[in-house]
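Here are some exercises to work through with the model open beside you. Try each task before reading its solution.

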Amino acid sequence: MKRFGAYADLAAAAQAPHPPEPSHSLVERLPVTMRPGLNQQLQGWESLFPYERRRLLGFLRGIESYSPAEWQSLTASLVQLEQRMGVAGWNFSEQQDTMENASHLARSEHYVEWREKVQSVFQAVEAAAEKASPQSPRLPRLVLTVLPQNLPVEPPEKWKPWDARGCAYRVAGNAAGLDARIVQGQPGMPGLAAHAPAGGADLWLIDAGDELPRLDAAAAEQLHYKRLLPFRDRFLEEVNKMPKDLAVSDKTLEGVRHQNWERWSPDELKAQPRLRNFLVDLFLSGNGALIYPSAFVEWASSEALRRARPRALVARLGMRAKPKLFTGIAIFENQQKINTLPEVEDPQGSAIDALELARYIWLAAQRYPEKEQTIGLCIAEHHNAVYLIAPKELAPRWPADKPVPPEEIAGWLAQAMAG
Amino acid sequence: METSRRDVLKIAAALLVEQWAAARGLAQQSTASQAAQRKVVVVACGGMRREDTFAREGLRNIPTMSGEMFGRALFFASMHNNGATSHFNTLSSILTGTWQRLDDWGLNSPTEPTFFELLRKQTRMARNQAWFISSNKAMTNRIGSSTVRAYGPEYGANVVFPKQLLINAVVHAAAEGRAVHSADRSSVQPEIEAMLNQDNFDGLGWSVGEVAALDPITLGAIQKAIDELVRTSAPVTGDEFTYLVSAEVMRRFAPAFLTITFSDMEVAHFGSYSLHLGGIRTVDRLVGELWALVESLPAYRGKTTLLVLPEFGRDMDGSTTNGFFNHRQNSESTRSTWMLCLGDGIRQPQVIADPVEQIQICPTLAHLFGIGGPAQAARPLPGFLS
């Protein structure tokens, strides 16, 4: 097994302005269908979060660690499968993930087998890279979700179970404001930014409205759906021009991706190209992020967890409007433009959406190894209650029958996060 | 849905069908020829998970289907979609009896004969006896017939996308920068009129034959119906309109084979679980109304088999594909669904728990009509009369 050369010190290499020299040629060693995603990451190096860079470099280090014979043995069956699938005859981009690529793969009768083989190669390469990596300390993490006061969700005792460890507690007094107390800290207790090194994308605040406290841009990645209105409107307009043709769509999407979005951004995003690119990718990947505030919060949280693996993520869900005339049949359209009647809020429907999507955010965090040390806290403001999932060693000893003061909840959390 | 709005939709539906018939000089089938025919109606719904439908916690979303209908049904508890879980591919697979792997956006026709073609060619059935009526924007009129040389459009179905006209009218107005609002209706009206006066009614989705301009009387009536629709403030669901057009087609032409697709529940792609469940409830209600209609029309009563099935489920909670939003995961949640069958063609009410596949539906239809099935046919489903 080789030594790691350019990839010996991943942390240092991740901070460099460009990926190490051999990276592109290492990607070339991969079977064709594994190349687009990695090439796209290398080309968009400046848009990657620190965790993504470290992971990419770790993967390349894994490839480099194989001898030619070992590599051939690892990848041979996937290469053969690609031949059977006829990949060489497809208009398949090796430089980036495209809709046409995805369409070819998903339609193949060998799709399921292909996914399994790709997964198998990926896991083997990552395992090889990890063998030589120093273990990072297992610091506690937080996924904080907030169901605002105006959403009449069911009381936590009636929720679908999120996790076997989950417990509901009543909050003494008003639970509204607990999120701000946790984010900003309280006298004698640091806020969440204290646990997140500046610039490391380790703290995310994602808000369906404009309610969460604003922190210094270096301290946190912050997205407020309400403040993104001009950005979203413009984006929706561009996306709706997209023709129903895969090849043309990829070109259109590429054009959208590379537009200058700075002018449509709120002030806090103007100096943050990486976060702006995150937003563009988020909107291009659909999942309702352009349409409904809580869907935006859920999908942005899910993508932030996947791409940045932050120590703390705060997600505040919110109210959506009822669908207006005709938007029920053309829902992807901008309903404010199509119908200028005033929007009418849908508290009941929004509550069902927000509760389900808050659970989805927690489930998204469960996909990663850090789940073992992740605290889940959901604040149900409407009921002055919280739902807490805590690792056993961190769990508080609050009596189930007695309301817990907000400052005690925030204090316990600050202590737990300090490790 | 409020009565007055539904009345408006009914009028619009009747007029659309009237227009179709007038353009082709078609008349309603004679009662004698109808009497001899067995009828089959297939209702394919978009993605619905078992847990939101035929599971303990989902039954409240489908009170009609899980209630009285279920007691009279042949129910397949484990119907599998083992193909590409996209709309066009799934419906093509159901209609051809082979797993189709086509362009997701319907740019290609199925590569094997559809049941419409098999039925029409073998029985010399008239064109107005085979229809495909869809709410789904992911469909195109290529679903109506295959690329197989011996078949093709000559034997294809009438393919209709009723809601497209409404969408086009509104979206076109919006694209021109005019908003739909009672206060500025005068600015919108010309856009809608312009659309209605176009010679080529792409929006109607007619796939067969010549497309003629609307005659002035019909045009005026449709215009009035849309005018009324624009005035209302409640949401209009596409499935409601699709149902009403289907009902009108059944009254007027009594097709022997009709496929209807509903898709309100596909709002799940935009992340609203409550609206997704609302879409499921709408479908449940419309299926009940459809069966009541079948039992009330002499052309259908006592000789009709109804098949209702989701195209697929949706992805699992916690999946990397974002759970109920999508339907592309290779999981039981996405692939395993159900099918409820009622009426003339079933042997007896029963639940069949053994796994079956959607590609068995086409040979089953052939079995019901007594015609030859697809060349590479899977086994017909059990529980049906021949």
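**Exercise 1.** Find which strand of chain B pairs with β2 (residues 74–80) in the antiparallel sense, and over how many bridges.

*Solution.* Step 1: strands here are DSSP runs of E with at least two residues, helices are runs of H or I with at least four, and both are numbered from the N terminus. Step 2: two strands pair if DSSP finds at least two bridges between them. Step 3: β2 of chain B pairs antiparallel with β7 (residues 336–343) of chain B, over 5 bridges.

Two notes on the model before you go on. It is predicted, and local features need pLDDT of at least 70, side-chain atom pairs count only at pLDDT 80 or more, while totals for chains, interfaces and linings use all residues. Residues are numbered from 1 along each chain as its sequence is written, and chains are lettered from A and ligands numbered from 1 in the order in which they are written.

**Exercise 2.** Find the strands that run parallel to β2(B).

*Solution.* Step 1: β8 (residues 350–352) of chain B runs parallel to β2(B) and is joined to it by 3 bridges. Here Phe75(B) stands opposite Val351(B). Step 2: β9 (residues 356–357) of chain B also runs parallel to β2(B), with 2 bridges. His80(B) has Glu357(B) of β9(B) as its bridge partner.

**Exercise 3.** Work out the strand order of the open sheet in chain A and name its edges.

*Solution.* Step 1: the 7 strands follow the order β2-β7-β6-β1-β5-β3-β4 (chain A), and the pairing is mixed. Step 2: β2 (167–170) and β4 (221–224) of chain A pair on one side only, which makes them the edge strands. Step 3: neighbouring strands are turned by 10 degrees against each other on average, direction ignored. Step 4: zoom in on β1 (residues 141–147) and β5 (residues 312–316) of chain A, a parallel pair with 5 bridges. Val143(A) stands opposite Leu313(A) in β5(A). Angles run from 0 to 180 degrees between N-to-C directions, and axes are lines fitted to C-alpha atoms, for helices over the stretch in contact.

**Exercise 4.** Describe how the two domains of chain A meet.

*Solution.* Step 1: an automatic or database domain assignment supplies the bounds, giving domain 1 (5–131) and domain 2 (141–417) of chain A. Step 2: their centres, taken over C-alpha atoms, are separated by 31 Å. Step 3: the contact takes 9 residues from domain 1 and 11 residues from domain 2 of chain A; residues are in contact if their C-beta atoms, placed from the backbone, lie within 7 Å. Step 4: on the domain 1 side, α4 (50–64) and α6 (99–107) of chain A each supply at least two residues.

**Exercise 5.** How do α4(A) and α7(A) pack, and at what angle?

*Solution.* Step 1: α4(A) and α7 (residues 111–131) of chain A pack at about 95 degrees, with axes 7 Å apart. Step 2: angles under 35 degrees count as roughly parallel, over 145 as roughly antiparallel, 65 to 115 as roughly perpendicular and the rest as oblique. Step 3: α4(A) and α7(A) are therefore roughly perpendicular to each other. Step 4: the contact residues include Gly58(A) and Phe59(A) of α4(A) and Val125(A) of α7(A).
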